[in-house]
Amino acid sequence: MTGHSTAAPVTQAIILAGGQATRLRPYTDTRPKAMVEVAGRPIIDHQLDWLAGHGVEHVVVSCGYKAEVLRDHLAGRGGGPETTLVVEEEPLGRGGGLRHAAGGLRGSGDPFYALNGDILTWFPLDEFTAYHRGKGGLVTLALARFQTTWGIVDVADDGVIEGFTQSPQLPFWINAGVYLFERAAVPLLPVKGDHESGTFPELAKEGRLFGYRIDGFWRGVDTVKDVKEAGDEIAALRGGASAS
């Protein structure tokens with residue numbers, strides 16, 4: 001077990017915002033992916049507000065491509081949480097980026113959240129944290145339902161097509177790009193490369209990696225099409241229940 005109180009909030013986080021995001025051009029010709037606007041605001045502002053609303057006080061933002069755009073934006077941003085910018089002088093991969101950014105965290109023993117810089121989500125981080133601590137692992141991944149971009153054809157055994165379903169959610173879970181790390185996991189991350197090809201499979205073998213199924217809004221923003229669709233989904237969400 002981790003030994004931390006299940007009631008103690010996680011107060012630090014890392015946002016990985018270093019990718020060039022070629023599939024998001026022309027949006028990313030002049031800015032990093034995290035600065036692409038969705039529903040009228042940069043992705044990173046949605047993320048920082050969500051984290052601040054759950055008690056996060058300090059966020060390390062790891063960036064590389066167009067770092068100066070992020071630096072200027074964060075310097076002029078009002079409200080919490082406090083941010084520290086860490087620049088990758090060369091691409092380190094997601095695992096290497098996490099390890100590098102962890103050097104900007106304060107203290108030495110407290111767990112931290114980590115977010116990919118291209119996801120939008122709202123779910124209760126306090127429940128995520130309680131789940132993680134209850135399992136006693138080193139890392140917990142948030143998991144989202146897989147939503148295919150393809151249309152599904154409903155076809156009977158005799159070949160009769162009964163209908164079509166556009167982009168349904170399928171009964172599979174994917175890495176949602178939100179993590180809760182114990183500090184002891186940081187030295188296990190690669191100096192350069194991806195954590196999903198080495199670190200995570202090893203932790204899974206050892207029974208120290210867990211998955212938390214999200215019950216709430218989640219959307220990855222990888223393409224130009226995603227920007228509009230995510231904006232429409234957020235606008236519809238705001239018209240109903242508030243995000244949490």
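Which residues are buried in H1? Let's find out in the views below, where the model is predicted, with local features needing pLDDT of at least 70 and side-chain atom pairs counting only at pLDDT 80 or more, while totals for chains, interfaces and linings use all residues. Residues are numbered from 1 along each chain as its sequence is written, and side-chain values use heavy atoms, with hydrogens and water left out.

**View 1. Helix H1 is mostly covered.** Buried here means under 20% relative accessible area, exposed means over 50%, and partly exposed lies in between (1.4 Å probe, protein chains only). Helices (H or I, at least four residues) and strands (E, at least two) are DSSP runs, numbered from the N terminus. Eight of the 10 residues of H1 are buried: Ile43, Ile44, Asp45, His46, Gln47, Leu48, Trp50 and Leu51.

**View 2. The largest nonpolar core has 40 residues.** A nonpolar core is a set of buried Ala, Val, Leu, Ile, Met, Phe, Trp, Tyr and Cys residues joined through side-chain atoms within 4.5 Å. Ile44, Leu51, Tyr113, Phe123 and Phe128 have the most contacts inside this core. Its largest share, five residues, comes from helix H1 (residues 43-52). A second, separate core of 21 residues includes Val60, Ala101, Phe112 and Phe200.

**View 3. Six aromatic residues form one cluster.** They are Trp50, Tyr113, Phe123, Phe128, Tyr131 and Tyr212. Rings of Phe, Tyr and Trp (its six-membered ring) pair if their centres lie within 6.5 Å. By this rule, the count is 11 aromatic pairs. Contact means heavy atoms within 4.5 Å; leaving aside neighbours within four places in sequence, the contacts of Phe128 include Tyr113, Phe123 and Tyr212.

**View 4. Valine 60 sits in strand S4 (residues 58-63).** Valine 60 counts as buried because its relative accessibility is 0%. Beyond its neighbours within four places in sequence, valine 60 is in contact with Ala13, Ile14, Ile15, Thr84, Val86, Ala101, Gly104 and Leu105. Leucine 16 is 44 residues away along the chain, and the C-alpha atoms of leucine 16 and valine 60 are separated by 8.6 Å.

**View 5. Arginine 77 lies in the loop between helix H2 (67-75) and strand S5 (82-87).** Arginine 77 counts as buried, because its relative accessibility is 16%. Setting aside neighbours within four places in sequence, arginine 77 is in contact with Arg41, Asp45, Leu48 and Asp49.

Technical notes:
Phe/Tyr/Trp six-rings, centres within 6.5 Å; stacked < 30°, edge-to-face > 60°.
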